[in-house]
Amino acid sequence: MAWFKRKEKGIQTTTQEKKDTPKGLWYKSPTGKIVEADELAKNFYVSPEDDYHVRIGSKEYFSILFDDNKFKELDPNLESKDPLSFVDTKKYSDRLKQAQEKTALKDAVRTAVGKSKGKELVIACMDFAFIGGSMGSVVGEKIARAIDDAIKKKVPFVMISKSGGARMMEAALSLMQLAKTSAKLAQLSDLGIPYISLCTDPTTGGTTASYAMLGDINIAEPGALIGFAGPRVVKEATGKDLPENFQTSEFLLEHGFLDFITHRRDLKSKINQYIDLILNQPMRA
């Protein structure tokens, strides 16, 4: 005898009462592995099945690097304008508004100061979710101000890059940020203040051509795409087939473009270890 017997035939739930499966309960990696979202978060957003580093943003990186996730955000209300009244398929001003509503971010980078392994650290972290992590005038300005803060406090600076390149909607104003941020990093270097650059997936375009590759130590996460132009553009420009794993962090490490590849679970300890080595101070546990 069946343990369950339907009293009435047919589905009785009205359309209004039906509930969809909540989004974000599971994550499917590019290799097809399914991971529970909670398990993924506990594992530093790295798939335990295949070690794939899931693309994350400033919120997650700050929680990983700052002690007890405590920090003071710098220039939190700085946001882009539309000085060129740029229009492509839609107005740039509308793109900015939509991106802000969708991501709850003001722009493609957040900067903050807090303690990491017990000592103060200034971190600038890009968010790819905001117009592809594109580098506009606000991104450059916030990074420059964060470097100023590191100089003022005489504390190390960490840049976490994740970008599709310069923001075309700001034209030359965007390209000017390459020189501005590079000049600020030169000031940091002159004062002997450590700068650690972390390249994550993807780090491309003007970001790669400026601050992402100017660190005292340049590191990357496993499997990250890092380059100036995309593989298709490079292939068309050179007229040659590209090597296997071209523009991955592993390929760049092998060819001397990076100093280290660091697993996300080790980021906090490794970054602070590099800082201690540069400053010739006792290594923190």
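This is a predicted model: local features need pLDDT of at least 70, side-chain atom pairs count only at pLDDT 80 or more; totals for chains, interfaces and linings use all residues.
Figure 1. Leaving aside residues up to four places away in sequence, Thr207 touches Met126, Met135, Ser161, Ser163, Gly165 and Ala212. The C-alpha atoms of Thr207 and Leu178 are 7.4 Å apart in space, although 29 residues separate the two in sequence.

**Figure 2. Helix 5 and its buried residues.** Helix 5 comprises 20 residues, 171-190. From its first C-alpha to its last, helix 5 reaches 30 Å, close to the 28 Å expected at 1.5 Å a residue. The buried residues of helix 5 are Ser174, Gln177, Leu178, Thr181, Lys184, Leu185 and Leu188. In an α-helix there are 3.6 residues a turn, so residues three or four places apart point the same way. The buried residues of helix 5 pack against helix 4 (137-153), strand 6 (157-163) and strand 7. After helix 5 comes Gly192, with a positive phi near 75°.

**Figure 3. Packing of helix 4 against helix 5.** The axes of these two helices come within 9 Å and cross at roughly 5°. Helix 4 is therefore roughly parallel to helix 5. On the side of helix 4, the contact is made by Ser137, Gly140, Glu141, Ile143, Ala144, Ile147, Asp148, Ala150 and Ile151. Helix 5 contributes Gln177, Lys180, Thr181, Lys184, Leu185, Gln187 and Leu188. Classified by residue type, the contact of helix 4 with helix 5 has seven nonpolar, five polar and four charged residues.

**Figure 4. Strand 4 and its two partner strands.** Seven of the eight residues of strand 4 (residues 109-116) are buried, so the strand is largely enclosed by the rest of the structure. Strand 3 (residues 72-74) pairs with strand 4 in the antiparallel sense over three bridges, and Lys72 has Val113 of strand 4 as its bridge partner. Strand 4 also runs antiparallel to strand 5 (residues 119-126), to which eight bridges join it. Opposite Thr111 stands Ala124 in strand 5, and opposite Ser116 stands Lys119 in strand 5. The hairpin of strand 4 and strand 5 has two residues between the strands, and within this hairpin Lys117 takes a positive phi near 55°.

Figure 5. Strand 7 is mostly covered, with eight of its nine residues buried. Six bridges pair strand 6 and strand 7 in the parallel sense, and the bridge partner of Phe157 in strand 7 is Tyr195. The open sheet is formed by seven strands in the order 3-4-5-6-7-8-9, with mixed pairing. Strand 3 and strand 9 (260-261) stand at the edges, each with a single partner strand, so one side of each has no neighbour in the sheet.

**Figure 6. Helix 2, the sheet and helix 8.** Helix 2 (residues 58-65) lies across strand 4, strand 5, strand 6 and strand 7. The helix runs at about 10° to strand 4. Helix 2 also packs with helix 8 (residues 267-279) at an angle of about 65°, the axes being 8 Å apart. Helix 2 is therefore roughly perpendicular to helix 8. Here Tyr61, Ile64 and Leu65 in helix 2 meet Leu267, Lys268 and Ile271 in helix 8. By class, this contact has five nonpolar, no polar and one charged residues.

**Figure 7. Overall context of the close-up views.** The protein contains eight helices and nine strands. Its C-alpha atoms fill a box of roughly 80 × 50 × 45 Å, taken along the principal axes. Of the 285 residues in the protein, 42% are buried. Among contacts with a separation of 6 or more, 67% are between residues 24 or more positions apart.

Definitions and conventions. Residues are numbered from 1 along each chain as its sequence is written. Side-chain values use heavy atoms; hydrogens and water are left out. Contact means heavy atoms within 4.5 Å. Helices (H or I, at least four residues) and strands (E, at least two) are DSSP runs, numbered from the N terminus. The expected span of a helix is 1.5 Å times one less than its number of residues. Buried means under 20% relative accessible area, exposed over 50%, partly exposed in between (1.4 Å probe, protein chains only). Two strands pair if DSSP finds at least two bridges between them. Axes are lines fitted to C-alpha atoms, for helices over the stretch in contact, and angles run from 0 to 180 degrees between N-to-C directions. Angles under 35 degrees count as roughly parallel, over 145 as roughly antiparallel, 65 to 115 as roughly perpendicular and the rest as oblique. Ala, Val, Leu, Ile, Met, Phe, Trp, Tyr, Cys and Pro count as nonpolar, Asp, Glu, Lys and Arg as charged, and the others, Gly among them, as polar.
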